[in-house]
Structures are given as structure tokens and as C-alpha cells.
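I opened the model to look up a few spots. These are my notes, in the order I took them.

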Amino acid sequence: MSADRDKRVLIFAPIGRDGPASAELFRGASLEAVNCRSLPELVAEMKGGVGAVFLAEEGLFGNDTAPLAQWIANQPPWSDLPFVVLTSHREQPAVVAWRRSIVDLLRNVSLLERPVQPITLTSAVQSAMRARRRQYEIRALLQAREQTAQELEKLVVERTRELEEANEQLRLEMNERTRVEETLRQAQKIEAIGQLTGGVAHDFNNLLMVISGGLDMLDRQTDPNRRRRLMDGMTQAAQRGASLTRQLLAFSRRQKLRPEPVDVAAQIGGMRELLDRSLRGDVHVEFDFPDSLWPVEVDPGELELVVLNLAVNARDAMPNGGTIVVRGENLPGLKDGPISGDYVRLSVVDTGIGMAPDILSRVFEPFFTTKDVGKGSGLGLAQVHGFATQSRGTVRIQSEVGRGTSIELYLPRSFDVPSKERHLIDLTRIRPKKSNHGRILLVEDDDEVAALVGEMLGQLGYEVTRAASAAAALGALADGRTVDLIFSDIMMPGGMNGVELAREIKKRRSDIPVLLTSGYAEASVHEAQRAGIQILAKPYHIDELAAALSTAKSNLQLDPETQRSSSC
């Protein structure tokens with residue numbers, strides 16, 4: 001379809017001289033006219049392009065108008081082809097009805113009745129051509145809009161492709177960054193493990209040297225005083241080893257805390273004698289606790305350890321003496337990073353040498369210390385950090401070279417009333433007296449530990465039978481021997497741990513109390529606690545063992561289910 005063919009006037013007047021005459025008339029008015037001799041020819045020419053159609057109505061009589069109607073119905077949305085129809089003067093009802101049907105078929109129709117003046121006919125056709133030109137202008141606008149839309153869509157596709165390429169490149173860069181960061185983390189882990197291994201090996205080798213050397217020298221000494229000093233040294237080494245392990249677990253958040261409402265002023269104030277013993281004579285401690293200081297929700301024993309660690313660090317930071325201030329403050333509605341709510345700030349402030357920024361950024365790392373070899377493990381502040389985090393609080397440190405250091409613990413306020421009993425660090429231990437307490441089945445796979453614990457139980461007045469596994473313990477019960485209590489390690493070989501053993505014993509002999517012990521087995525410890533089974537943490541002293549055994553027996557006597565099963 002060309003633009004020139006769109007300007008044509010198609011004529012269909014097959015009867016008489018109307019067709020050639022009108023074609024000559026239109027050409028005289030500068031219109032391109034095509035005279036069609038049949039209706040199929042007219043429809044064919046319309047498909048090639050048309051501006052207007054001039055019809056003589058009698059040319060449609062008796063012809064199949066379906067192709068014409070189909071062409072008109074299939075016009076695009078912008079098209080409404082104008083028809084100029086020359087009618088007769090006949091007004092019979094049948095003719096009028098037929099004419100009305102033709103108007104409905106052609107849709108956009110102008111009717112001219114014979115006789116018609118040439119100027120009227122030419123004017124009507126020219127008006128139809130102008131209307132058709134406006135339709136073609138709309139077509140051009142629609143085509144331009146469609147082309148613009150296609151170009152825009154092409155541009156969007158191109159930009160989308162560029163964006164996808166940029167995103168893919170960004171993903172690659174992010175993956176590479178993640179890989180590099182993971183590599184860096186692994187390197188940092190390896191470095192931390194190296195520090196950890198070196199620190200633990202150094203400290204524990206020193207402790208083992210004291211113990212193994214003391215044992216070696218013990219048999220060579222006949223002087224009771226020297227033997228006593230050797231024994232005291234080994235005892236202190238064992239206590240230092242237990243403290244080091246506890247600090248490691250606190251830093252890794254594996255140490256089980258038992259928080260309760262604590263009166264900070266009373267708890268820390270009761271440490272006066274302990275602090276005075278731990279510090280030099282030229283270091284003084286001052287307490288600054290207001291009467292309105294809130295209680296806090298913490299483990300009281302661990303709180304004392306933290307304060308003691310901080311006081312010792314402050315002492316070491318003041319080689320020429322000075323003052324340590326332990327201060328408590330209420331902080332209502334605190335919002336500080338990960339913590340929010342009512343908190344108590346417990347500060348330990350010294351007037352010592354302070355720390356440089358590079359040291360300050362590493363103080364909470366495990367085994368990082370500026371002290372000389374043998375004078376510190378580097379776990380003190382790591383334990384402080386672990387304690388504060390486990391207690392749902394945090395720790396802040398402020399220090400300046402030459403102007404001292406302030407370490408601040410933020411501890412959650414407790415709305416409960418603290419117990420009057422203070423859990424102070426016990427420096428003295430009361431040895432139990434030997435008496436006949438009954439028969440104990442000791443379940444322990446380590447021969448050396450079993451021998452030691454057997455001696456301790458014997459010292460406490462118990463008759464001890466040892467089983468090296470859970471299966472052996474169940475066998476000992478099955479043969480009918482008398483057992484008053486079972487004391488078992490949690491981690492053992494043979495497929496059944498101490499918790500499972502305790503459950504099996506409760507099914508078979510619910511009248512026998514069970515006490516478990518563990519150095520560290522977090523999953524099993526939690527499992528035992530959920531089952532209501534008492535646990536004694538290793539290492540323990542003989543008086544702690546005696547108290548745990550007594551508690552285990554008392555708890556069984558207070559258990560209503562046990563009393564019912566025993567009476568049946």
C-alpha cells in the first residue's frame with residue numbers, strides 16, 4: 001500500500017454512463033479516479049489503497065456484498081473509509097429498507113440523490129478525501145508511536161542486558177570479596193589458634209611442671225615442713241589450672257553461669273579483705289556505691305572473679321602505687337548498641353600508666369598481654385568480656401597513656417530482692433571427717449582419675465566399687481550387690497554416656513541416687529540438667545565432693561515419685 005494509491009477515488013457505477021462521466025469529472029478536479037467495472041474489482045482495488053469510494057446504489061442490486069462487508073469490518077482501528085452513494089428518487093418501502101441496509105453495511109456514508117449537480121458531487125467527494133487524509137495522519141502518528149515504543153523497548157532490553165552484566169560483575173566481585181574475607185578469617189583463626197595453643201601450652205606446662213616436679217620431689221623429702229610446702233605448691237598449681245580452664249570457658253561463652261539478684265555494694269564490699277590480700281601495700285581500694293544502687297542479675301561468684309581480675313590488672317598498671325576506685329551507677333533507660341533498658345555501670349578505675357590505642361584495640365583478645373612471661377596469661381580481660389556478654393550486658397574500656405584506665409561493666413538491673421547470703425570466694429576449705437556413709441558405685445574409665453576419686457571417697461567414709469563403663473555399672477547392679485549411690489563421669493566409651501546411664505538406672509532402680517561429673521561436655525551437661533540430674537564440675541575438692549554427694553541423697557529423699565516407688 002503506497003501513499004499515491006491512498007489518494008485515489010474508486011468509482012463503482014456499472015450501469016449507463018455514470019462511471020466514465022464521474023471519473024472524468026473527478027479528474028477535472030485534480031483527483032485520481034479509478035473506474036471499477038465489478039464489485040470484486042472494487043474490493044481488490046480497495047485492498048491496494050483508497051481515499052474514498054463513489055457508488056451508484058443500483059450497482060449493488062443483486063451482487064454479493066459479503067466481500068465488501070468483510071473488508072469494511074476488518075479495517076484497522078484508525079480507519080473508517082468514507083463512501084459517497086448516488087441514490088435514485090424512488091421511495092418505495094422495499095427500496096428504502098434496502099437502502100438503509102446498505103448504509104448500515106458501508107457505515108461512513110454520504111447520500112446524494114439524483115439529479116445531482118457536478119459541483120455538489122465533486123464537493124462531497126473532496127470532503128470525504130479530506131476526512132480520509134486526517135485518518136492517514138492518525139495512522140502516521142500511531143506508526144510513529146509504535147516505532148518509538150519499539151525503539152524504547154529495544155533500549156530497555158539493551159539497558160537491562162547492560163544492568164544484568166553489571167550485576168553479574170558485581171556478584172563476581174562480591175563473591176571474590178567474600179572469598180578473600182573468608183581467607184582472611186581463616187588466617188585470623190589460625191593466628192588465634194596459634195596464640196591460644198601457645199598460651200595454654202605455656203601456662204599448663206608450668207602448672208604440670210610444678211605438680212610433676214613436686215610429686216617427684218615428695219618421695220625424696222623427709223622434712224615435714226618441706227613436704228608441706230611441696231604439697232601447697234602442687235595444690236596452688238591445680239587451683240591455677242582450674243581457674244585458667246574456667247577463664248577459657250568464660251571467654252568462649254561455654255561456662256555455665258547461674259545468675260541471681262545480687263546487691264553489688266554488699267557483694268563487692270565483702271571482698272575488702274580479699275582485695276587487700278591480693279594487692280600491694282602501696283595500692284589502695286576505694287568503694288563508691290550510692291545507697292540507691294540497683295541490684296543486678298548476674299552470677300555472684302563470677303562477678304567477684306571479674307572484679308578481682310580487674311583489681312589485679314589495675315595493681316599491675318600502677319608500679320609506683322596508687323588508688324583503685326570501684327564505682328557503681330544506675331543508668332535508667334540506657335540505649336547503647338546491643339543493650340537497652342535499665343542497667344548498672346560497675347567501673348574499676350585506676351591511676352596507672354594507661355594504654356596506647358594499638359594496645360587498647362586488642363585487650364579483649366585471648367592470650368594477648370603486655371606483661372612479662374609468667375606474670376599473666378592474657379585471659380583476664382577475655383574472661384571479663386565473656387562474663388559481661390553472657391550476663392546480657394557489655395563492657396567498655398577507656399584509657400589514655402599516663403592518665404590511667406577505666407573499665408566499665410554494664411550489667412542488667414534486677415527487679416527481684418537479692419538474697420542476704422553472699423557468695424564470696426572461699427579461701428579456706430573445711431576437710432570432712434571420716435565416717436561410714438555407705439557404698440558407692442564409681443563409674444570412671446580413666447584409671448588414674450578412678451584411683452584418685454576412690455581415695456577421696458574412701459576418705460569420706462564410703463565403700464567404693466569401681467566400674468569402667470556404663471555397661472559394667474549396669475552389670476554390677478544386676479548381680480544384686482548393695483549400692484547406696486552411683487557416681488559417674490558423663491563422657492565414657494562403650495556407646496552409653498553418664499546421662500543415658502542415669503536414665504537407665506532410674507528405670508531399673510529409682511531408689512538409687514545418681515551424681516554425675518564432667519570436665520566439659522556441654523551438650524551432655526545440658527541434657528543432664530533438663531533431666532534434673534545433679535552435676536559436679538571437674539576439678540573439684542574433697543569438701544565439694546562431700547557436699548554434692550549429700551545433696552544428691554537429699555534430693556532423692558525429697559522426690560515424691562521416688563518415695564512412692566520405694567514404698568511399693
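**Entry 1**

I looked up Leu155 and got 40% relative accessibility, so Leu155 counts as partly exposed. My cut-offs: buried is under 20% relative accessible area, exposed is over 50%, and partly exposed is in between (1.4 Å probe, protein chains only). This is a predicted model, where local features need pLDDT of at least 70 and side-chain atom pairs count only at pLDDT 80 or more, while totals for chains, interfaces and linings use all residues. Residues are numbered from 1 along each chain as its sequence is written, and side-chain values use heavy atoms, with hydrogens and water left out.

Leu155 sits in helix H5, residues 118-218. Helices here are DSSP runs of H or I with at least four residues, strands are runs of E with at least two, and both are numbered from the N terminus. With Leu152 and Val156, Leu155 makes up a nonpolar surface patch of about 260 Å² accessible area together. Accessible areas come from the Shrake-Rupley method with a 1.4 Å probe; for residues, only the protein chains shown count as cover. Patch members have over 30% relative accessible area and no salt bridge; nonpolar side chains (Val, Leu, Ile, Met, Phe, Trp, Tyr) are joined within 5 Å, like charges within 9 Å.

**Entry 2: Arg132**

I stayed in H5 for Arg132. Does Arg132 come out buried or exposed, and what is its nearest side chain of opposite charge? Arg132 is buried and has no salt bridge; Asp6, the nearest such side chain, is 6.2 Å away. A salt bridge needs a Lys or Arg side-chain nitrogen within 4 Å of an Asp or Glu carboxyl oxygen. For charge, Lys and Arg count as positive, Asp and Glu as negative; His and the chain ends are not counted. Leaving out residues up to four places away in sequence, I found that Arg132 touches several residues, including Gln75, Trp78 and Asp80. Contact means heavy atoms within 4.5 Å.

**Entry 3: helix H13**

I listed the buried residues of H13 (residues 470-478): Ala470, Ala473, Leu474, Ala476 and Leu477. They cover an arc of only 155 degrees around the axis, so they lie on the same side of H13. The arc is that of the directions from the helix axis to the C-beta atoms. Ala471 and Ala478 are exposed on the other side of H13. Among the elements covering the buried residues are strand S14 (462-467) and helix H14 (498-508). Just after H13, I noted a positive phi of about 90 degrees at Gly480.
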